Amino acid sequence: MFHLATVKKRIGNGRQYLIEWSDCVMGIVSATYIFGAFTKHHHLTVGDRVLAIADPVHLIYLPGLITGMNQEYIKVKFVNGQICDQVDPVQCFWLSQDYYDNAVSFYKTRNM
């Protein structure tokens with residue numbers, strides 16, 4: 001799972017950051033695991049793997065697969081089996097196959 005957080009400062013060589021999650025807990029995170037305003041956006045298509053908001057109330061992002069789309073929203077099947085057909089593509093981040101596989105594996109070790 002990925003949660004919203006605020007980057008507080010860069011640590012060391014610039015590939016790690018001190019972040020603060022919404023519950024005020026602080027932690028050091030590698031840039032590899034940070035998505036946001038400066039993340040390169042890709043044109044999304046059916047079959048792409050994405051990190052998308054699966055729980056808008058708790059602002060939880062999960063890896064998922066785009067299974068459909070229309071002019072306004074994309075349809076995503078998330079790693080937890082949930083399907084959402086009104087995902088805002090602006091709030092999604094494209095994932096490579098390797099990154100997606102690693103994120104799914106990590107999710108399964110923590111949640112299944």
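1. A pocket, on a 1 Å grid over the protein atoms alone, is an open set of points where a 1.4 Å probe fits, with protein on both sides within 12 Å along at least five of seven lines; its lining residues have an atom within 4 Å of a point. Keep that in mind for the later points.

2. A word on the source: this is a predicted model, in which local features need pLDDT of at least 70, side-chain atom pairs count only at pLDDT 80 or more, and totals for chains, interfaces and linings use all residues. Residues are numbered from 1 along each chain as its sequence is written, and side-chain values use heavy atoms, leaving out hydrogens and water.

3. Tyr99, Tyr100, Ala103, Val104 and Tyr107 of H1 are buried (under 20% relative accessible area with a 1.4 Å probe, protein chains only; exposed is over 50%). These residues sit on the same side of H1 because they cover an arc of only 130 degrees around the axis, taken from the directions from the helix axis to the C-beta atoms. On the face turned away from that side, look for the exposed Asp98, Asn102 and Thr109.

4. Back to the largest pocket: 32 residues line it, and Phe2, Val29, Tyr33, Ile34 and Phe35 lie nearest its centre. H1 gives the most to this lining, with six residues.

Conventions:
Helix = DSSP H or I, 4+ residues; strand = E, 2+ residues; numbered from the N terminus.
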